Amino acid sequence: MYQCLLNKVCSVSARLSLLVSFCILPILLNCQVNQFQMFGVGAGLSSSHVSAIDADDHGYIWLSTYGAGISKFDGNQFQNFTDPQKIGGLYYLAVFCEGDTHLFGGEKVLTQYANGSWDYQKADFDVHHIAKFSSDHFLLCTSHGVLIYGMKARDFLPVTEAIGAAYQSVVHDETYWVISDAGLWTYHQGIWKFYDQVGLDVDEGSILAVDADQTLWLATNRQGLTRWRGDHFHTVASAKDLPGKVIHTLTPAALGALYLGTDAGLIVWHSIDSLWQSLSTDAFTATEITGMTYDAWNNAYISSSKNGLIKYAAQDFIFHQGFGTLSGQLVDRFDRGQGQAIISYTNGLVDKLSGEIKPFPNRGKKTLVNDVHLSEAKFAHTTWLTSSEGLYIYADGSVQEIRDTIFHGRDIHSIAQIDSTRLFISTTEGISQLSLEEGQDSARHWNISDRRLLAHSEGADMVAFEDQIWFYTSDQLGCIDITKPEEKVTYFDLENRQITSLAPMFDRYLMIATRDDGIWYFDRMSPQKLAPIPRNEVLPTQQIRSLAVNGEDLWISTRNKIMRMRCEEDLNWEMVVVLNQARGLPRLEFVSGDAHVDRRGHVFFAARRGILELTADLPSHFRMGPLLHIQSIKSPAGTFKLPKSSQDGLVVSYDQSDLTIILQAVDQNFPLGMQYEWRLAPLREEWLVTANPQIDLLSLKPDEYLLSVRAKNRSGVYSATSHQAIFIQKPFWMRNWFVVLGIGVLALGLYLIYRWRMRVIFAENLQRTQQLEDQNRLLKLEQSALRLQMNPHFIFNALHSIQEKVMQGDRDQARLDIQSFATLMRNYLDQARHELISLDEEIAALHQYLRIEQLLNDGAFDYEVVLPDDFDPSFYELPPMLIQPFVENAIKHGLPVGSKKGIIKISFSWKGRFLSCAVSDNGRGFSERVTNDHHRSAGMKITQERLEAFFNDNKIDPISMGNRMGENQEILGAWISILLPIQK
């Protein structure tokens, strides 16, 4: 629902009028009142409790809600993601969107969205805020401190937990500032420092922000609004002057303006008048503001924990973005000619601006791809181009290099035309004059004469001004008067002022912009040489980037705003308008020395992300079209990976030539009634109009195609045209080399396939045979082990002992012995039927066996079983009867001679990642043992083979043995260590 922001505009004073006009964001000269529009649950939002908000590069608004998941808004409807199994949870606190990266942080979860799919990671902490750390790493403020999240590795790297729970972070001057429940911290070059300033009361509700001028702001609920200057925060407005009592969000605007979301609504701080302006009128009644962001159309979107989403509609300008209407993104420079301009980019591409922006012919040639500087001058219907490799001309749609001049191969910086016969060219060696005469055969050939060096000036920028050539470098300003001898050059003392732009005005004044000392001028009709424009409170003196003259208007760009001044010939200056973000200007950083006025009177300013265009008749409605991008290109075989740049072609196999292109166009101002237009050169040159964002291209023949798409919103404004080159490959039987090499390649291929197949079959058979042999060997070993699990002599002796107790009348003890013996036999039989038993069961069987052996040997020995600390044998499994043969051997041969009592010790310990069992005695040792019991030797051998079969892949000897030695090298007994097939 649209509502008016201000019902009445009261003209109390000029200053208050300026403030009110700033707050309602009028567009340029058309003072149209902007409006708020509320979107809540009734409009399709999953929950009115919006916790965070951000806008992505494709025009969508992303919202995180507390308790209702994540929402995506296209200006008309919401797409709500509320399935916890899909997105990882429902309670989210942070949103981060940049490029194709979408990250959402919440309670115990971090979620990523890319290419239409969700991926999440559970965590043991809450994510409060997400900031960019590097190209693939992000800084997370969490309930467990600050962490670094690596997107590719999908890992969390702890940075510090000392600061406690972290809530927000910003980057200022290569330093991360973090708010935590322990106060304010800084992180620079790997070092954390606690920031302690007397009187600065920072808690978890405090908020940091960095504005376009790289000023650091801090808002606290107890102290109010502060600003970082020097090495301290200085109070700008105290908390008692703040209309709201609790600050939830802080968003910079322009000219020092700050938007604060509070419990009293949205409030604007204007630094010019140092006044608060509350926007919580009838037009804006939302409270508990939680976040604010701008979309590509410069609309403000405000999130609230009570009122959902609020749209603050704003007007915009015409902005040409890189790789849309432009061939590049980072503008290198404008070079002005006769009413037109050449735009060069850091990627070496070139556009021509004359009424419309269009790619320059032959821009793909090496001579232009490597250009660093390029300018033009018209002479006899010929465009002269300069580059880092020499001098060129453009005529009749082609570019040719002029090789018969002294400039061939030199780095030419700038070119200026003074009349119809003379050009001045600036190189790294100075400035030279060229007198041109048209050749007899063609206008493309010239006789070059009168080559004379006029001045030494490395790589100067030049501008023609009547009969003068003005040039400037980083440290000087000079003038060549061509009516005087060529060697006459006048230099002017700049007193270390750095010039950023020159612009002639009224054929009388030369306007001079300096970076840090305002605007100066030179009057050709006055003996006064250089003088500054009268200063006022609006005209800036610093960060001036470029000048452009359009009649009596002087356009000035600074780092992030544009001014329009009107001048009469007597140098009476009037500030017409100041354009900034508060008045709808996109958040751009303008480039030094690059502004242009075309023949229609349109003014162009170069920025880091593209070019801003201002028309003479400022628009009264939205002029920026939709944002369009190709979402995906599919074939029946699957989805193609799109090239990183539209300049790169998509290579498609001939058998996948049935293509489906899915488009996405978003316009937050006109979300409904979107139309799509496309053409496919050379197959279709005319535009095909459709309301369907899906394009089906069926049975494309092998060829090179250029797909061009654009979208048009309901008001008739087009998006930037997107291009995608598509290369359909020819099948191999249509290629020339196939006729010559086809038979040979086929024969060779069949032979190689035959050899490869035979090798595969041989390897498979060999592997299968080896597996069968190993299985057969293991089966035999298991059968042998089962047959040898119990010594017949042991059984006979046990039964004989029981019989003697019966004959002696000790029936009770005989009954107990029979029960123990039966239990032991039953366990052995039960274990023999299982491949694995628990270690706990193996130890219990050992206890039963040892007690019976004690009975048979009349208590001639004691035994002990030792387990590691914190070790639960019931959690581990092993094959049965691995330890018993070694224990039996120790009893058989390890008891001491005479009346000395034997001691059998069975101890378990970890050896690396394997569990070891050591059996030791206090007998005669291995050197004196009697080893005539062939059965026992066979049992130990079978057990050893079973262990070796298990440890074969690890190349480990599972059994080791030796004697226990005393201090005098006497034998105290023997020991044997067995590695069990149990791992940690």
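In this predicted model, a nonpolar patch on the surface is formed by Tyr654, Phe732, Trp733, Met734, Trp737, Val739, Val740, Leu741 and Val745, which together have about 940 Å² of accessible area. Val745, one of these residues, is found in helix α4, which spans residues 736–787, and it counts as partly exposed because its relative accessibility is 49%.

Charged side chains were examined next. Side chains of opposite charge can pair when their charged atoms come close, and the count for this structure comes to 13 salt bridges. Among them, Glu98 forms a salt bridge with Lys132, with the closest N and O atoms 2.6 Å apart; this pair links distant parts of the chain, since Glu98 is in strand β7 (residues 92–98) and Lys132 is in strand β9 (residues 117–132), 34 residues apart. Glu98 counts as partly exposed at 37% relative accessibility, and Lys132 counts as partly exposed at 28%.

Strand β9 also holds Asp126, which forms a salt bridge with Lys108 whose closest N and O atoms are 3.2 Å apart. Because Lys108 lies in strand β8 (residues 101–114), the pair ties together parts that are 18 residues apart in sequence. Lys108 is partly exposed, with a relative accessible area of 39%, whereas Asp126 is buried, with a value of 15%.

A further salt bridge joins the side chains of Arg566 and Glu552 at 3.7 Å, N to O. Arg566 lies in strand β51 (residues 562–567) and Glu552 in the loop between β49 (544–550) and β50 (553–558), so the pair ties together parts that are 14 residues apart in sequence. Through salt bridges that share partners, Glu552, Asp553, Arg564 and Arg566 are joined into one network.

Terms used: Residues are numbered from 1 along each chain as its sequence is written. This is a predicted model: local features need pLDDT of at least 70, side-chain atom pairs count only at pLDDT 80 or more; totals for chains, interfaces and linings use all residues. Side-chain values use heavy atoms; hydrogens and water are left out. Patches are made of residues with over 30% relative accessible area and no salt bridge: like charges are joined within 9 Å, nonpolar side chains (Val, Leu, Ile, Met, Phe, Trp, Tyr) within 5 Å. Accessible areas come from the Shrake-Rupley method with a 1.4 Å probe; for residues, only the protein chains shown count as cover. A salt bridge is a side-chain nitrogen of Lys or Arg within 4 Å of a carboxyl oxygen of Asp or Glu. Helices (H or I, at least four residues) and strands (E, at least two) are DSSP runs, numbered from the N terminus. Buried means under 20% relative accessible area, exposed over 50%, partly exposed in between (1.4 Å probe, protein chains only).
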